[in-house]
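This report describes sheet architecture, helix packing and salt bridges in a single model.

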Amino acid sequence: MIVIGGGPAGLMAAEVLAAAGVAVDVYDAMASVGRKFLLAGKGGMNLTHGEAWPAFIGRYGARAAALHDIIKDFDPSALRAWALALGVETFVGSSGRVFPVDMKAAPLLRAWLHALRSDQVRFHMRHRWTGAGAAGQGWEFTSTNGPVHAQADAVVLALGGGSWARLGSDGAWVPWLQQRGVEVSPLVAANCGFDTVWTPFFQQNFAGQPVLTVAARTAAGAAPMRQGQFVITEGGVEGSLIYALSSALRQQLVQNGYAVLELDLLPDKSAERLAAELVSGRGARSLSTHLRSKLGLDRLKIALLHEVLTPEQMRIPAVLAQTIKALPLRLHATRPLDEAISSAGGVCFEALDETLMLRACPGVFCAGEMLDWEAPTGGYLLTASMASGRQAARGVLNWLHINKKASSLPTE
């Protein structure tokens with residue numbers, strides 16, 4: 001039995017298969033497994049999220065129904081129990097995100113790999129899959145020692161999406177599957193930054209600075225405001241609040257050729273209160289000084305107002321108040337796919353059966369980010385990747401039993 005891809009989805013598939021007594025070989029193009037897992041955990045390993053189930057599954061948007069049963073079988077509570085069984089305790093942070101107590105990814109990965117090796121899982125590193133095979137007919141890899149040919153009765157593909165190619169997720173698998181009649185949605189950036197056009201003054205003075213305590217949505221009246229923070233970049237915006245809205249912003253870009261991010265710079269104050277404060281007590285102070293002292297707007301937020309309003313408009317209290325509550329920031333492109341935290345698109349669920357086996361390639365199963373789903377940061381990506389790896393492995397076991405693949409099944 002072969003698993004191709006040593007990320008969380010592939011490792012979880014290997015774990016389930018090995019626990020059932022199946023001999024498992026994991027192949028990965030990189031020098032070590034879990035490289036994206038480790039990099040994502042550098043700022044604190046966010047494993048999953050502690051919010052209630054209806055809200056949690058809703059984070060998967062249009063694919064919530066397709067993922068419902070898969071994730072329900074390995075939900076956040078189950079994931080935390082799995083980590084504890086490896087000796088890693090977790091806690092729920094103030095944001096609802098779940099972290100290991102030590103906040104680190106490496107100890108968890110080491111414990112996981114130790115358990116897998118104890119179950120006789122074999123790892124083949126620096127083995128890049130080149131396709132050229134089908135289940136039961138051989139799988140081809142290139143390695144530092146030359147071409148490698150491997151046989152397997154079933155295969156789990158856990159090859160990642162299209163972001164962070166330097167860590168192995170390069171989307172090179174797409175043509176191979178398409179040539180075999182598998183429907184694949186184009187890989188696009190998700191949880192990504194967006195480009196806009198700043199004035200030279202704004203770019204030079206504010207690139208790299210965080211915008212704190214704001215709320216945002218993608219279009220006026222289309223959705224409730226979401227509160228959070230983001231960062232000004234040299235050519236646009238990025239950060240957790242932007243990532244949470246990236247799917248809707250990307251859809252706007254496709255439909256209109258541009259997207260509008262609507263910002264509430266003072267979410268705790270009403271437009272009426274702002275208008276009243278703007279016309280009272282200014283005296284001889286400059287407008288910028290008045291905005292800072294009376295309203296609490298910092299220099300960056302005032303500069304954002306100057307990016308969208310003319311000097312004349314800045315002097316009209318009603319217009320200024322309205323813009324503070326709904327500042328329209330026009331975006332014209334996503335950042336490149338390889339810069340994104342994750343990707344959307346991939347193998348369509350319609351191309352898979354309920355066990356995540358490809359309908360066009362019997363015995364070949366898919367899991368993880370290479371499937372056509374997306375979710376915001378906050379633990380949702382890792383949870384779905386691991387849950388889908390588990391589902392694919394259970395599909396393999398079912399497939400092997402149905403087809404009586406004695407060479408892969410454990411002896412009684």
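## Sheets, helices and salt bridges

An open sheet is built from seven strands in the order E17-E16-E13-E14-E15-E12-E18, with antiparallel pairing. The model is a predicted one, in which local features need pLDDT of at least 70 and side-chain atom pairs count only at pLDDT 80 or more, while totals for chains, interfaces and linings use all residues. Residues are numbered from 1 along each chain as its sequence is written, and side-chain values use heavy atoms, with hydrogens and water left out.

Strands (E, at least two residues) and helices (H or I, at least four residues) are DSSP runs numbered from the N terminus, and two strands pair if DSSP finds at least two bridges between them. Within the antiparallel sheet, strand E13 (residues 210-217) pairs with strand E16 (residues 259-264) over three bridges. The bridge partner of Ala 215 is Asp 264 in E16. Helix H10 (residues 246-256) packs on this sheet, where it touches strand E12 (194-195), E16, E17 and E18, and its direction makes about 140 degrees with that of E16. Helix H13 (residues 299-308) also packs on the sheet; it touches E13, strand E14 (226-233) and E17, and makes about 50 degrees with the direction of E13. Contact here means heavy atoms within 4.5 Å. Axes are lines fitted to C-alpha atoms, for helices over the stretch in contact, and angles run from 0 to 180 degrees between N-to-C directions.

A further open sheet has five strands in the order E6-E2-E1-E10-E20, and its pairing is parallel. Strand E6 (122-124) and strand E20 (364-366) stand at its edges, each with a single partner strand, so one side of each lacks a neighbour in the sheet. From one strand to the next, the twist averages 20 degrees. Strand E1 (residues 2-4) and strand E10 (residues 155-157) are joined in the parallel sense by three bridges, and Ile 4 stands opposite Leu 157 in E10. Helix H1 (residues 8-19) packs on the sheet, touching E1, strand E2 (25-27), E6 and E10, at about 165 degrees to the direction of E1. Helix H16 (residues 380-402) lies across E10 and E20 and runs at about 165 degrees to E20.

A salt bridge is a side-chain nitrogen of Lys or Arg within 4 Å of a carboxyl oxygen of Asp or Glu; by this rule the count is 15. Three pairs are listed below.

| Pair | N to O distance |
|---|---|
| Asp 73 and Arg 394 | 2.0 Å |
| Glu 262 and Arg 217 | 2.8 Å |
| Arg 273 and Glu 277 | 3.2 Å |

Accessibility is classed by relative accessible area: buried under 20%, exposed over 50%, partly exposed in between (1.4 Å probe, protein chains only). Asp 73 is partly exposed at 33%, and Arg 394 is partly exposed at 39%.

Glu 262 in strand E16 and Arg 217 in strand E13 form a pair that ties together parts 45 residues apart in sequence. Glu 262 is buried at 9%, and Arg 217 counts as buried at 19%.

Arg 273 and Glu 277 both belong to helix H11 (residues 271-278), four residues or about one turn apart. Arg 273 is partly exposed at 43%, whereas Glu 277 is buried at 14%. Elsewhere, Arg 63, Glu 350 and Asp 372 are linked in a network of salt bridges.
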